[in-house]
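Visitor: I would like to learn how to read the inside and the surface of a protein model. Please show me the structure and take me through it.

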Amino acid sequence: MTKELKNSWCSEEKINLIMDLILLSTPKTCVEVGVHRGASLLPIAATLKYLNGGVVFCVDAWSNMESVRHLKDDDLNKKWWSSVDMNDIYRSFKQLITKWSLKPFCIEIHKSSDQAIDEIPQEIDFLHLDGDYSEIGALQDVELYLPKVKKGGYILLSNLYIMVQREQPKIKAFCALSEHCTIVATIENDNAVLFQKE
């Protein structure tokens, strides 16, 4: 797993946290918002395969337009997200799932997070929020998906301390989660935070 994801956006620390959590909690329903090439989805789905149970809903629009929808014009990330080859990213995700024989454990939802919410079951055991990098979008994902996380379920918020124009766009999402959840663990110098819903 570590070899496969070397130089990806998923660190060894995050791989270990995700796999240990899935292994110990044996979730039936997992959701990842913001799949990209599938780097952090792989440890979720591979552990479900090892357990021979559960599914992960893979939510991503794989769209340049959706990626920049909430970004400000002066956001330095906007140019990159506007021009990156989303078709190539999507192909990489599909190839990864095929290579690891994970199709039975993955339900792909090729939509934006707000469009996908109605296709998500009412009881989420593990939610990984790794999508929108804007303040509006990150907070919206919490407001849409947290109500579907069951009591005692887990939420991993990634890229908390990413800085954009000297601001941290995911801080409001963090605060919203903190109102209803307990922090269980932090990794990557607190940049990823694992919560448990109260």
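Visitor: Which elements do the buried residues of α2 pack against?

Guide: In this predicted model, they pack against α1, β1 (29–33), β2, α5, β3 (106–109) and β4 (124–129). The buried residues of α2 are Leu41, Leu42, Pro43, Ile44, Ala45, Ala46, Thr47 and Leu48. Because 8 of its 11 residues are buried, α2 is largely enclosed by the rest of the structure.

Visitor: How should I read a nonpolar core, and which residues have the most contacts inside the largest one?

Guide: In soluble globular proteins, nonpolar side chains tend to be buried together. Here the largest nonpolar core has 37 residues, and Leu41, Ile44, Val56, Cys106 and Phe126 have the most contacts inside it. Among the elements that each supply at least two residues are α1 (12–25), α2 (41–51) and β2 (55–59). The largest share, 6 residues, comes from α2. A second, separate core has 26 residues, including Ile117, Ile124, Val142 and Leu177.

Visitor: What is Val56 in contact with, leaving aside its neighbours within four places in sequence?

Guide: Its contacts include Leu41, Ile44, Ala45 and Leu48, as well as Cys30, Phe105 and Cys106.

Visitor: Which residues form a nonpolar patch on the surface?

Guide: Leu23, Leu24, Tyr50 and Leu51 form one, with about 460 Å² of accessible area together. Both α1 and α2 give two or more residues to this patch. Leu23 lies in helix α1.

Definitions and conventions: Residues numbered from 1 in each chain as written. Predicted model: local features only at pLDDT ≥ 70, side-chain atom pairs only at ≥ 80, totals over all residues. Heavy atoms only, no water. Core = buried A, V, L, I, M, F, W, Y, C linked by side-chain atoms within 4.5 Å. Buried < 20%, exposed > 50% of the residue type's maximum accessible area, 1.4 Å probe, protein only. Helix = DSSP H or I, 4+ residues; strand = E, 2+ residues; numbered from the N terminus. Contact = heavy atoms within 4.5 Å. Patch = residues over 30% accessible without salt bridge, like charges linked within 9 Å, V, L, I, M, F, W, Y side chains within 5 Å. Areas by Shrake-Rupley, 256 points an atom, 1.4 Å probe, with all protein chains shown as cover. Salt bridge = Lys/Arg side-chain N within 4 Å of Asp/Glu carboxyl O.
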